[in-house]
Amino acid sequence: MSLFPLSVFKRKKDDQIPLAMVALSDAPSAQIACDAGIDAILVGDSLGNTALGFDSTLPVTMDMMAHHVAAVVRGVKSSTRPDVPIIADLPFGSYATIEKAVENATRLMQLGAHAVKMEGLGVEYAERSVFAALKATGIPVMGHIGFTPQSQMALGAVVQGKTHRDAQILVNAARSLEMEGCFAMVLEAMTEEAARKITEARKVPTIGIGAGNGCDGQVLVWHDLVGISAKSLKMARAYAQTRQIWTEALQEYKRDVESKAFPTEQNSWSMSPEELEKWREEGAASYRGQEYMDSEVEIESPEGEPFHAFEKVVGVWERADLPFDDDRDPFANQ
Ligand code: KIV
């Protein structure tokens, strides 16, 4: 196992080879992505939209993130490339104080993430920033600026950096992130010019999504990439239309169930003829199981009056050499 899975970020920037990251949230997708050669996996809080059906990332909790991070870690470990780095998103509100950030990021790291990602510039108390606190705890941080979905209520627009002033704000934010010690930063939904300027000016790699072609790498969300999402986004590209493939598979399955073309003998198991014969001879009379029986009991009402009620009791039969009723005898209709 590699001691430094995150080193791929710097190595690829140094070699000027764009890095391909995918945001996903379950074990089989993680295994497929690693086997396919993807450089890094992000367990993004976009899983709130893609896997959990919310209409924003705001409802995503630490428990939800922990559940999916653990699944992705298992998927990566079961792949042919178990050293692919896993970055886990800190969800909305989970880093609103330094204490919370350290506790929650520690939890994700203990589940097997190699780093956490945080949107924006983070809180700062008494000149101590959340970045510094995480760094001091030994937790690598990926930054995320531009359109930051967790603060979408406070942002006026999706695409950032359209005016020269806004673009400069992004450039300054990227500088702060580098000074805080981020090992990489996501640039989401910003003008190509702003992203290019940041990438040229910064030593740490920039990973773009909707930020043009000038970044050091790109990230796409699994559901967009493989064409599961119902809507297509301008910033994404579907490299396959698997929604259509899944739909056709499901329709064919339903047809096969209805026509009894599935399952066939190949999908089923049979008893040996000897066992079947034994079952015929003695099985019908030898029965061990549990049976619910109705029994009538006398109960006293609160007023002290007795009345009759039926109570369910469980009877356990060791061996009941009783003939079955026709509708309970497995051989009755043969
Ligand atoms: O949550 C996510 O998937 C992300 C990417 C869009 C960068 O943050």
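This is a predicted model: local features need pLDDT of at least 70, side-chain atom pairs count only at pLDDT 80 or more; totals for chains, interfaces and linings use all residues.

Trainee: Ligand first. Which residues are around the ligand?

Mentor: The list runs Ala-23, Leu-42, Gly-44, Asp-45, Ser-46, Asp-89, Lys-117, His-144, Val-186, Glu-188, Ile-209 and Val-219.

Trainee: How far is the polar side-chain atom of Lys-117 from a ligand oxygen atom?

Mentor: The separation is 2.8 Å. Asp-89 also takes part through its side chain, where an N or O atom is 3.2 Å from an oxygen atom of the ligand.

Trainee: And Asp-45, what part of that residue faces the ligand oxygen atom, backbone or side chain?

Mentor: Backbone. A polar backbone atom of Asp-45 is 3.1 Å from an oxygen atom of the ligand.

Trainee: OK, switching to helices. What numbers describe a packed pair?

Mentor: Two: the angle between the axes and the distance between them.

Trainee: Then take H4 and H5. At what angle do their axes cross?

Mentor: Roughly 20°, and the axes come within 9 Å. H4 covers residues 62-77 and H5 covers residues 98-110. That angle makes H4 roughly parallel to H5.

Trainee: Left-handed or right-handed crossing?

Mentor: H4 passes H5 in a right-handed crossing.

Trainee: Which residues meet there?

Mentor: From H4, Met-62, Asp-63, Met-65, Ala-66 and Val-69. From H5, Asn-104, Arg-107 and Leu-108. By type, the contact has five nonpolar residues, one polar and two charged.

Trainee: H5 packs on H6 as well. What's the angle there?

Mentor: The axes of H5 and H6 cross at roughly 40° and come within 9 Å. H6 is residues 130-137. The two helices are therefore oblique to each other.

Trainee: And who touches whom in that pair?

Mentor: H5 brings Ile-98, Ala-101, Val-102, Ala-105 and Thr-106. H6 answers with Val-130, Ala-133, Leu-134 and Thr-137. Seven of the contact residues are nonpolar, two are polar and none is charged.

Trainee: Handedness of H5 on H6: left or right?

Mentor: Right-handed.

Trainee: Last pair. How do H7 and H8 pack?

Mentor: Their angle is about 30°, with the axes 9 Å apart. H7 spans residues 164-180, and H8 spans residues 192-201. At that angle H7 is roughly parallel to H8. The crossing of H7 past H8 is right-handed.

Trainee: What's in the contact?

Mentor: Ala-167, Leu-170, Val-171 and Ala-174 of H7 meet Ala-194, Lys-197 and Ile-198 of H8. That makes six nonpolar residues, no polar ones and one charged.

Methods
Residues are numbered from 1 along each chain as its sequence is written. Side-chain values use heavy atoms; hydrogens and water are left out. Axes are lines fitted to C-alpha atoms, for helices over the stretch in contact, and angles run from 0 to 180 degrees between N-to-C directions. Helices (H or I, at least four residues) and strands (E, at least two) are DSSP runs, numbered from the N terminus. Angles under 35 degrees count as roughly parallel, over 145 as roughly antiparallel, 65 to 115 as roughly perpendicular and the rest as oblique. A crossing is left-handed if the near helix is turned anticlockwise from the far one by less than a right angle, and right-handed if clockwise. Contact means heavy atoms within 4.5 Å. Ala, Val, Leu, Ile, Met, Phe, Trp, Tyr, Cys and Pro count as nonpolar, Asp, Glu, Lys and Arg as charged, and the others, Gly among them, as polar. A residue is near a molecule or strand if one of its heavy atoms lies within 4 Å of it. A polar contact is a pair of N or O atoms within 3.5 Å; within protein, one must be able to donate a hydrogen and the other to accept it, and residues adjacent in sequence count only if both atoms are side-chain atoms.
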